[in-house]
Amino acid sequence: MKEEPTAAAEDLPAGLRQQDSTAGFGQQENAAPAGAEDAATTATAAASPWDDPRLPWSGKPGRLDVLCWAAITLSGLYYLLLLPFRASLVGTDPVLLVLLNGSTEGIVSGAAFARVGHGSLVLVLLASIPGLMKFDLIYWWAGRMWGERIILLLSGRRKHGPKFMARVHRWGRWFTWPAVVIAPFLPLPNAIIYAVAGWAGMSWVTFLILDLIGSLAWAGLLAGLGYELGHHAVVVAQTISRYGLWVSIGIVVLVILGQMRNAQMHR
């Protein structure tokens, strides 16, 4: 017994076929704007003004985020404001320069002055402690708060940040402890190592102890060099101070040119 064929779309009257086709087309038209609206909403959420790759946090920052970022910014401004006075102080009051800046030339000059009977070598070393360490804890704090984001931000286009993070993953405290001690001797920004120490979970007490050891070792090396040079280093320091204005202008120009070069590289 043969089955009766079912009614296909071709068997429908022409008016019903047109009505069915028109209804389907209307559903497609209504679906398209809804999808576009969802895409626009997603794009707006992704383009949040707080999601800036130049900032170490994601989303809207909290009070501590703003406070830590302001401290980092002010530390940079502090060094810039001090630049015009470095050349003049190195030959007139090197201990004050060491206290304010912890500069290499200040420590060498202060020890050289102590060698010829002007000042104390112990005073130079004591002044180097706050001079060298004054902002280090801020970068440890930044690493503790923001982790890998601040490390990559501080390292910029260089590979130091990712390289140090990989070593921390492999060796843990066996890498971070000596890294903090030898940070002043390394040819890279110390802030990266201090941020890595915070990100790795080092306590602030341990960090300050290791930072103190490294700072004193660095200051002792420079002071020994200055003490050995003695009168020759004093003469050089006094000559720099005599032409301090021009030296300061040269330093400021070099800093500005370096900032302009970095800005062009990041474009």
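Modeller: Happy to; the labels are taken up one by one below.

Modeller: This is a predicted model, where local features need pLDDT of at least 70, side-chain atom pairs count only at pLDDT 80 or more, and totals for chains, interfaces and linings use all residues. Residues are numbered from 1 along each chain as its sequence is written, and side-chain values use heavy atoms, with hydrogens and water left out.

Colleague: Thanks! How many helices and strands does the protein chain have?

Modeller: There are 13 helices and zero strands. Helices (H or I, at least four residues) and strands (E, at least two) are DSSP runs, numbered from the N terminus.

Colleague: Why is Y78 called partly exposed?

Modeller: Buried means under 20% relative accessible area, exposed over 50%, and partly exposed in between, with a 1.4 Å probe and protein chains only. Y78 has 27% relative accessibility, so it counts as partly exposed. Y79, at 33%, is partly exposed too. For the protein chain, buried residues make up 32% of the 267 residues.

Colleague: What makes Y78 and Y79 an edge-to-face pair?

Modeller: Rings of Phe, Tyr and Trp (its six-membered ring) pair if their centres lie within 6.5 Å; planes under 30 degrees apart count as stacked, over 60 as edge-to-face and the rest as tilted. The count by this rule is nine aromatic pairs. Y78 and Y79 have 5.7 Å centre to centre and 80 degrees between the planes, which makes the pair edge-to-face.

Colleague: And why is the pair of F185 and W218 edge-to-face?

Modeller: The ring centres of F185 and W218 are 5.2 Å apart and the planes stand at 90 degrees, so this pair is edge-to-face. F185 lies in the loop between α9 (173-182) and α10 (190-199) and W218 in helix α11 (residues 204-229), so the pair ties together parts 33 residues apart in sequence. Ring pairs also link W57, W69 and W146 into a cluster.

Colleague: How do you know that R115 lies over the face of Y227?

Modeller: A charge sits over a ring if NZ of Lys or CZ of Arg is within 6 Å of the ring centre and within 35 degrees of the ring normal. R115 is at 5.2 Å from the ring centre of Y227 and lies over its face.

Colleague: What does the side chain of S88 reach?

Modeller: S88, found in helix α2 (residues 63-89), has a side chain that reaches the backbone oxygen of F85 at 3.1 Å. At 28% relative accessibility, S88 is partly exposed.

Technical notes: A polar contact is a pair of N or O atoms within 3.5 Å; within protein, one must be able to donate a hydrogen and the other to accept it, and residues adjacent in sequence count only if both atoms are side-chain atoms.
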